[in-house]
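Trainee: I've got this one open on my screen and I'd like a close look at a single part, the place where the chains meet. Take me through it slowly, please.

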Amino acid sequence: MVDYSVGKTKMNKLSERTKMWRKILVIAGLIPGALFAGFPIVWMFSNSFKSNSEIFAYPPKFLAKHLSFNAYTSIFSDPEKIRFFINSYGIALAVTVLTLLVSIPAAFTFSRYNFKFKKVLNGVIISLQSIPPITLMIPYFALIVKLRMYNTYQGLILTYMVFTLPYAIIMLTGYFNTLPRELDEAVKIDGGSAMTALWRILVPISIPGIVTVGIYNFMICWNEFLFALTLTKTNEMRTVPVGIQLLMGQHAYKWNEMMSMSVLGCLPVLVLFLFFQRYFIGGLTSGSVKN
Amino acid sequence: MTSPALQQKLKRQTKLKRRIEPFVYLSPTITLLLVLMVIPVALVIRYSFFDNVIMNEFPKFVGLHNYLVVLQDPTFQIAVKNTIWFTLGSVIAHLVLGLCFSLLLNSPAIGMITKSIFRMIYILPWIFTVAIVAILWRMILDPVGVLNYWLIKLGLIHTGVQWLSSPKTALLAVIVINIWAGYPFYMMSLLAGIQGISKDLYEAARVDGANWVQTFLNITLPQLKPIILSMSVLDIIWTSQQFAMVWMTTGGGPITSTQMIGIYTYQQAFGRYEFALASTSAVLLLVASIIFSVVYGRLQRRQD
């Protein structure tokens, strides 16, 4: 007994030292990766507060000599650029709300009913996710022009919903499947309809799942580029990603303005991410990892 | 539980209602997906068999002619080759980085707070929209940009390299950008996978006196295999479709050094108004994606 405990303290001392070394090694391994991941972002923030001439200063400076907000004020004073943001917010919010309104009953149906073509329909929805957007670009262009929705919000909103719906339905079906059927049976016994059960009982307790789906939808719309580029024509219909690309093409490169525009462009997603990190990661990994 | 009368009533209701109800709830979804997914896919396939669609009001059926033109187009062949390199480079690097980072982030040697701070930094690239990613890296990779400054300082190069505008380095540069933007997705999935591995397996390995290399090769890697496989197939599907990032950094150039199938399709359509040829290359991309999705489906089913 005594021998054993002595041996154990020795072991502990040894492992204390190995633990220290391990910790140092792991952190030494993590730092280069963190630089690779984080530097471009830090650089973006830092450059957005510089004057244009300082951005390519030699040697490069991390902090501007005089913190300059010129790049930001010039964006906020340009109605055309503000319009990019209004468009992006409006479209992303509209798509998020509409997608949830359409996908919640659909997911409820997949979760609670057995009906003809259920498997086929489910298979179609899953496989739709693998259709390359660039493949849809040409027929959409033709279709949206024909429907007289070229260069309109409706055109973009409808288009984006096609990309947000499949994921939303799959995610929410999975979520509803985890909720006991007794919940909606109870409502029916009290004389309520299936829709009452869904909106009054299931939806309120599914808020975490709905938030995950909502954030994901918002991100898809906020980041979308190809269709915003091909289905709109005038600057007053452009969204932030296309706006940033337009800045790249315009006049002499105003790098500080492009950087401040990028900071403002990533802010909504960054804020969502910082507040809802858990939901983000849940939504990110649920597609590929099964419990 | 319930009275017989009520049960009778429920039964009668369910008979008819339960058959119609699902389709009522699904009707908006079905309508949207039919109009905006099924019809467009049918349209693009149809376009690929016709002569100069959209621009011409009465296009002629030309059979497989467009396919012959596209497949024999040297630019398309270069695009396919570049797409394959781009996809291979990105997917392998995503996998290696994702695996390294997730193992480091899961190490028991560091505390919870350190872990969550590093994890947050490591996920950051994922939340940036492609337009911002493109412009950010154009600034960093600029001939007088910050990367060249450091490389010269370290003595690795003598003069600033034009990473994105030299035919020799452009493809490598867009691959690096794509690696940066895409690895967090792998990392998070693998992290979730690692955390799902039973602790008993590691305990057994420790008792057997296995070192960490053996533990990694005999426990971690085999346990992660299904996730690694399905993530790689998903990544192949997504990366081979890449358009926006390349379009905004190099536009497919210089000359054809970063030409890819997505860029080729866009240029045929909106650069040269050859919508039939664009549709043809779009259909070819679709076929490749479908093949990989079938593989993905198989892998997923095997996981279940």
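Trainee: How many residues of chain A are in contact with chain B, and how many residues of chain B are in contact with chain A?

Mentor: Some housekeeping before the count. This is a predicted model, where local features need pLDDT of at least 70 and side-chain atom pairs count only at pLDDT 80 or more, while totals for chains, interfaces and linings use all residues. Residues are numbered from 1 along each chain as its sequence is written, and chains are lettered from A and ligands numbered from 1 in the order in which they are written.

Now your count: 72 residues of chain A meet 75 residues of chain B, where a contact is two C-beta atoms, placed from the backbone, within 7 Å. On the chain A side, the biggest contributor is helix α1 (residues 2-48), with 16 residues. Helices here are DSSP runs of H or I, at least four residues long, numbered from the N terminus. Sorted by class, that side of chain A has 52 nonpolar, 16 polar and four charged residues. Nonpolar covers Ala, Val, Leu, Ile, Met, Phe, Trp, Tyr, Cys and Pro, charged is Asp, Glu, Lys and Arg, and the others, Gly among them, go down as polar.

For one residue that reaches across, click on A:T159, which sits in helix α7 (residues 153-177) of chain A. Leaving aside residues up to four places away in sequence, A:T159 touches A:Y140, A:F227, A:L231 and, from the other chain, B:L36. A:T159 counts as buried because it has 27 C-beta neighbours inside 10 Å; the rule is 20 or more other C-beta atoms within 10 Å for buried, 12 or fewer for exposed, and partly exposed in between, with C-beta atoms placed from the backbone.

Next, the layout of each chain. Chain A splits into domain 1 (2-48) and domain 2 (75-286), with bounds that come from an automatic or database domain assignment. Their C-alpha centres are 39 Å apart, and the contact between them takes four residues from domain 1 and six from domain 2. Chain B has domain 1 (1-45) and domain 2 (81-260), and there the centres are separated by 43 Å.

Staying in chain B, helix α3 (residues 74-105) packs on helix α11 (residues 261-271) at about 145°, axes 8 Å apart. Those axes are lines fitted to C-alpha atoms over the stretch in contact, and the angle, on a scale from 0 to 180 degrees, is between N-to-C directions. B:T75, B:F76, B:A79, B:V80 and B:T83 from α3(B) meet B:I261, B:I263 and B:Y264 from α11(B).

Finally, look at helix α7 (residues 170-195) of chain B, where 20 of the 26 residues are buried. Still, α7(B) bends by about 40° at B:G182, and B:P184, a proline, follows within four residues. A bend is the angle between axes fitted to the seven residues ending at a residue and the seven starting there. Over in chain A, helix α13 (residues 255-275) also bends by about 40°, at A:L267, with the proline A:P268 following within four residues.

Conventions: Helix = DSSP H or I, 4+ residues; strand = E, 2+ residues; numbered from the N terminus.
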